[in-house]
Amino acid sequence: MDLKKLFGYENKNVVITGSASGMSRSATELLGELGANVYAIDINPIEANVTKRIQADLGRKEEIDRVIEELPERIDALFLCHAIAGYKGKELEVQLVNFFGQKYMVEALLPRLSKHASINFISSVGGFGYEQNYKTCLEVIKIDNWDKAVEWYKSHPDIISNSYVFAKQCMNTYVTNKCMATEFISKYIRINAICPGYTITGLSDDFNKSSSPTLNAEEGKEMIEGMFIKGWNGYAAEAKDMGYPLVVMGSDICSYMSGECIYIDHGLTSSWKNQGLINNK
Ligand SMILES: NC(=O)c1ccc[n+]([C@@H]2O[C@H](COP(=O)([O-])OP(=O)(O)OC[C@H]3O[C@@H](n4cnc5c(N)ncnc54)[C@H](O)[C@@H]3O)[C@@H](O)[C@H]2O)c1
């Protein structure tokens, strides 16, 4: 069997964000190996060997609009992978970078997405339990205008105070809500997310600092490891543990899969879910 044909990326136009580092970098490199024409975007310089590198801040509408002009007329797969950590004081920026800018980009590029194209997000175990906040997340998803989104976020400071988590909950809501929406299903566009567990990447130091009330990386690391690692005597994932499954998810291998938020966390959220079932009895 020809494995490149099985993936179906050969000579396809693929757009991917966050390619300078971590999970997205490993996905970007694999997409190139599989024969895709890769258009890679990041706020930082990209080293991977791709068709086109674009440097832009995807938390700013004007920059996203500029990027969109530089992308090809036909797009076969779109990977939204960039994000920042949830520092106090950066609540609005986190929403715009980690979710609303990504939704804005998807919807602006929708007319260019080919039939059977795939849209692939990187969400997080941080978005686990999004169902409990579904109706609030739906309010954000229904906003079709950048300024109105900013207004909504500014008028809901309590909701966005849990900034990283709320952005990922909105992402999970978007995936599960939009998979059957006319604008996607009419072209059989698939829309999915991976939800990674604790992974060592370029974000790790920021995650550690932002998790500590005193911005102390060591203290934050201990808290994060307590939450995600200690309970199962576990270990952190590497970037490729997420980047490679992401590439599989966006490929022809998963041609009938849509509306899924797939947790890649060595079983952690499954155990949380089961614990919840016992506790709710
Ligand atoms: N590392 C983890 O433990 C973990 C766990 C769950 C989910 N995630 C998610 O994985 C995804 C990838 O992150 P990573 O862990 O590989 O981190 P990373 O920092 O290695 O990669 C993120 C990339 O996004 C880019 N980026 C950040 N802000 C940007 C902006 N405004 N415009 C354009 N590019 C921007 C960064 O420059 C970087 O190259 C993110 O969505 C993150 O939320 C990470």
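Predicted model: local features only at pLDDT ≥ 70, side-chain atom pairs only at ≥ 80, totals over all residues.
I'll start with the ligand. The shell around the ligand has 28 residues, and the closest are Ser21, Gly22, Ala83, Thr201 and Gly202. Which helix gives the largest share of that shell? Helix α2, residues 22–33, does, with 3 residues. By class, the shell divides into 13 nonpolar, 13 polar and 2 charged residues.

Helix α4 covers residues 91–109 and helix α8 covers residues 163–178; their axes come within 8 Å and cross at roughly 15°. Angles under 35 degrees count as roughly parallel, so α4 and α8 are roughly parallel to each other. The crossing of α4 past α8 is right-handed. On the α4 side, the contact is made by Glu91, Val94, Gln95, Asn98, Phe99 and Lys103. On the α8 side, Ser163, Tyr164, Ala167, Cys170, Met171 and Tyr174 make the contact. Sorted by class, the contact of α4 with α8 has 7 nonpolar, 3 polar and 2 charged residues.

The second pair is α10, residues 204–211, and α11, residues 217–228. Here the axes are 7 Å apart, and the packing angle is about 90°. α10 is therefore roughly perpendicular to α11. From α10, the residues in the contact are Asp205, Phe207, Asn208, Lys209, Ser210 and Ser211. They meet Ala217, Gly220, Lys221, Met223 and Ile224 in α11. What is the division by class in the contact of α10 with α11? There are 4 nonpolar, 4 polar and 3 charged residues.

To recap the geometry: α4 and α8 are roughly parallel, while α10 and α11 are roughly perpendicular.

How values were computed: Residues numbered from 1 in each chain as written. Axes fitted to C-alpha atoms, helices over the stretch in contact; angles between N-to-C directions. Helix = DSSP H or I, 4+ residues; strand = E, 2+ residues; numbered from the N terminus. Parallel < 35°, antiparallel > 145°, perpendicular 65-115°, else oblique. Left-handed = near helix turned anticlockwise from the far one by under 90°. Contact = placed C-beta atoms within 7 Å. Nonpolar A, V, L, I, M, F, W, Y, C, P; charged D, E, K, R; others polar. Near = placed C-beta within 6 Å.
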